[in-house]
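Hi,

Here is the structure I said I would pass on.

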Amino acid sequence: MEIKLKKRGLFIVIEGIDRSGKSTQCQKIYEYLIKKNEKIEQWKYPDRNGDIGKLIDNYLKNQSEKSDQAIHLLFSADRWEKNKLLQNKLESGINIVCDRYAFSGVAYSSAKGLDLEWCKSTDSGLISPDVVIYLDLDPKEAQNRSSYGEERYEKLTFQSQVSKQFDKLKDDLWKVIDSNNNNVESTFKEIQIKIDELLKKREEEKDLEIKKLWIKKD
Ligand code: FDM
Ligand code: MG
């Protein structure tokens, strides 16, 4: 008797500085997978509606102060809170497209001067995405986009620093897409190629392993 393994969901993360077009592309990916009859949910970090997310939201809106380390740990805790749920969703065949993840966590906190390795350590062991789609945008371009500058981190000098920190995190998981042309369709075309590739890979290796992020291999 042939045992038919259920395909797990793909975990797709979108990263980039503020105003790089992440939420637009998350929506496009969502619609694309729906059309392909896939189960899919859109997630976002921070989850501003949760208990921890509310504290983060206040901080981002400059309504409260926190030390750099404390806010870093809150962002990280927000992800750990949902790690098991994320695993259950993926195992039950639901794809997740997620607007920001631990890479933002490290890039924004280390841009303030916190040690990069320390920043990574608090997210080490979380579920690893299957791909990090990085929307590469010149911070000066971002500044010209709508409603920039309302929140704590939306300042040109800081965003430039964040962008440099993101550069340090790029590895084989990353697909970097130049988004300076501000063309939603051509950006999505490049994303689509990557997603089709992942869907094919999953088709070929039905028991595609769920991996962990930033775990040291010895
Ligand atoms: N941010 C986001 C962090 O500093 N650390 C994190 O772990 C995450 C997920 O919070 F400025 C920052 C990035 C951004 C702000 O994100 C809120 P949105 O995507 O602009 O809501
Ligand atoms: Mg923002």
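Which helices each supply at least two residues of the shell around ligand 1? They are helix 3 (68–81) and helix 5 (102–111). Helix 5 gives the largest share, with three residues. Bear in mind that this is a predicted model.

Now the ligand site as a whole. Ligand 1 is surrounded by 13 residues, and the closest are K44, R48, R79, R100 and G105. By type, the shell splits into five charged residues, two polar and six nonpolar.

For K44, an N or O atom of the side chain sits 2.7 Å from an oxygen of ligand 1. R48 places a polar side-chain atom 2.8 Å from a ligand oxygen, and for D18 the corresponding distance is 3.2 Å. As for cover, ligand 1 on its own would expose 480 Å², and the protein buries 93% of that.

One more spot to check is S76, which lies in helix 3. Is S76 buried or exposed? Its relative accessible area is 3%, under the 20% cut-off, so S76 counts as buried. If you set aside neighbours within four places in sequence, S76 is in contact with T122 and D123. With T122, a polar atom of the S76 side chain lies 3.0 Å from the backbone oxygen. With D123, the link runs between the two side chains, as a polar contact of 3.3 Å.

Cheers

Technical notes
Residues are numbered from 1 along each chain as its sequence is written. Chains are lettered from A and ligands numbered from 1 in the order in which they are written. This is a predicted model: local features need pLDDT of at least 70, side-chain atom pairs count only at pLDDT 80 or more; totals for chains, interfaces and linings use all residues. Side-chain values use heavy atoms; hydrogens and water are left out. A residue is near a molecule or strand if one of its heavy atoms lies within 4 Å of it. A polar contact is a pair of N or O atoms within 3.5 Å; within protein, one must be able to donate a hydrogen and the other to accept it, and residues adjacent in sequence count only if both atoms are side-chain atoms. Accessible areas come from the Shrake-Rupley method with a 1.4 Å probe; for residues, only the protein chains shown count as cover. Helices (H or I, at least four residues) and strands (E, at least two) are DSSP runs, numbered from the N terminus. Ala, Val, Leu, Ile, Met, Phe, Trp, Tyr, Cys and Pro count as nonpolar, Asp, Glu, Lys and Arg as charged, and the others, Gly among them, as polar. Buried means under 20% relative accessible area, exposed over 50%, partly exposed in between (1.4 Å probe, protein chains only). Contact means heavy atoms within 4.5 Å.
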